[in-house]
Amino acid sequence: MKEEKRILITGAGGNLGGRLTKLLADETEYEVIAVSSFPEKIPNMLERIGVKNPNRVFGISGEEMFRADLSKINIAGAVHFAFSRAVFPKKDIASSLDYSLAAFRKIADSHIQNAIYISSQSVYGNTPEWRTEETVPSPESVYAMAKYAGEKLFEAVYLGHKELQHTILRLDIVIQSQNLVKTLCKNAKESGKLRLRGGKQVFSYMDADDVPYAILALLNGKIPWKAVYNVGPNKMRYQLMEIAGMVKEAAKAHGYGEIEIDFTEDETALWAGMDTGKFAADTGWKPRYDIRQMIDRVFEVS
């Protein structure tokens with residue numbers, strides 16, 4: 001009998017980790033080793049997100065992962081999502097780095113090919129030009145600095161394992177995880193008014209459901225991986241008032257009538273947007289959702 005190939009996912013109980021677990025279990029030949037701080041909750045998560053083949057998912061704790069001999073269970077790749085959210089206490093973010101380093105060492109020492117560290121576009125800071133993989137990182141928040149430190153730890157571990165394919169994915173802002181669009185959609189529904197301040201803020205987004213397909217395209221690709229990839233819509237950015245206008249359109253389409261926009265202009269500036277051409281060229285992946293579709297999807301669940 002052929003032994004199934006498996007993908008190990010740390011942070012499998014989170015939003016993106018769960019979506020990748022569902023994709024792999026239901027639409028590929030991979031089984032999933034789902035590593036979570038609360039592995040006892042994995043079965044409920046699989047039921048909640050509608051996984052059709054839960055028998056292809058094996059939930060384990062971090063402690064079990066560190067004790068196991070991973071080299072003997074045919075793991076074809078590993079994806080490291082596990083990291084504290086930006087809104088969590090700084091001590092949790094620091095603990096995420098400790099855990100990440102231990103996980104990187106375990107995965108590399110187990111000689112697992114195809115290791116992926118999920119990083120963030122936030123490592124570039126408030127940089128006005130289109131960010132390429134060669135743009136010098138300039139983190140501005142504790143979270144962004146921690147994600148960049150995670151990259152450095154990942155690179156340091158793999159200096160001793162250059163024979164193992166590995167890469168860093170800097171994801172664009174996941175629209176379902178950032179507060180702006182969710183808040184605007186909620187306000188449109190509840191008050192019929194959008195209150196905005198600024199005007200010089202620029203935003204770029206990708207949909208949470210596009211993330212797992214990007215990772216799968218990389219895992220199934222034939223081209224050797226580059227050290228770092230930007231992942232998301234290529235050179236997409238929208239100003240604050242454009243985002244508000246699209247929320248207004250979504251509200252009208254959903255029967256909420258005309259939405260009032262109360263705008264106060266100031267000098268607040270924010271930049272986003274990446275050149276993701278290298279990832280598209282190497283994998284053939286492209287997002288399925290454009291900005292209007294993303295906003296409509298957020299509106300439906302806000």
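Q: What relative accessibility does Lys-278 have in this model?
A: The model is predicted, so local features require pLDDT of at least 70 and side-chain atom pairs pLDDT 80 or more, whereas totals for chains, interfaces and linings use all residues. Residue numbers start from 1 along each chain as its sequence is written, and side-chain values use heavy atoms, with hydrogens and water left out. Buried means under 20% relative accessible area, exposed over 50%, and partly exposed in between (1.4 Å probe, protein chains only). Lys-278 counts as partly exposed because its relative accessibility is 31%.

Q: Which residue meets Lys-278 in a salt bridge?
A: A salt bridge requires a side-chain nitrogen of Lys or Arg within 4 Å of a carboxyl oxygen of Asp or Glu. For Lys-278 the N to O distance is 2.6 Å, and the partner is Glu-134.

Q: How many residues apart in sequence are the parts that Lys-278 and Glu-134 tie together?
A: Helices (H or I, at least four residues) and strands (E, at least two) are DSSP runs, numbered from the N terminus. Lys-278 belongs to helix H9 (residues 277-283), while Glu-134 sits in the loop between strand S5 (115-120) and helix H5 (142-158), so the sequence separation bridged by this pair is 144 residues.

Q: Does Glu-134 count as buried or exposed?
A: The relative accessibility of Glu-134 is 55%. Glu-134 therefore counts as exposed.

Q: Which strand holds Glu-260, the salt-bridge partner of Lys-193?
A: The closest N and O atoms of Glu-260 and Lys-193 are 3.8 Å apart. Lys-193 lies in strand S8 (residues 193-203), 67 residues from its partner, and Glu-260 lies in strand S12 (residues 260-270), that is, in S12.

Q: What distance separates the closest N and O atoms of Lys-200 and Glu-267?
A: Lys-200 is partly exposed because its relative accessible area is 39%, and Glu-267 counts as exposed because its relative accessibility is 59%. The two residues form a salt bridge, with their closest N and O atoms separated by 2.5 Å.

Q: How many salt bridges does a search of the whole structure find?
A: Arg-19, Asp-207, Asp-209 and Arg-297 are joined in a salt-bridge network. Over the whole structure, the number of salt bridges found is 19.

Q: What radius of gyration does the protein chain have?
A: The radius is taken over C-alpha atoms, and the globule rule is 2.2 Å times the number of residues to the power 0.38. For 302 residues a compact globule would have a value near 19 Å, which agrees with the chain's 20 Å.
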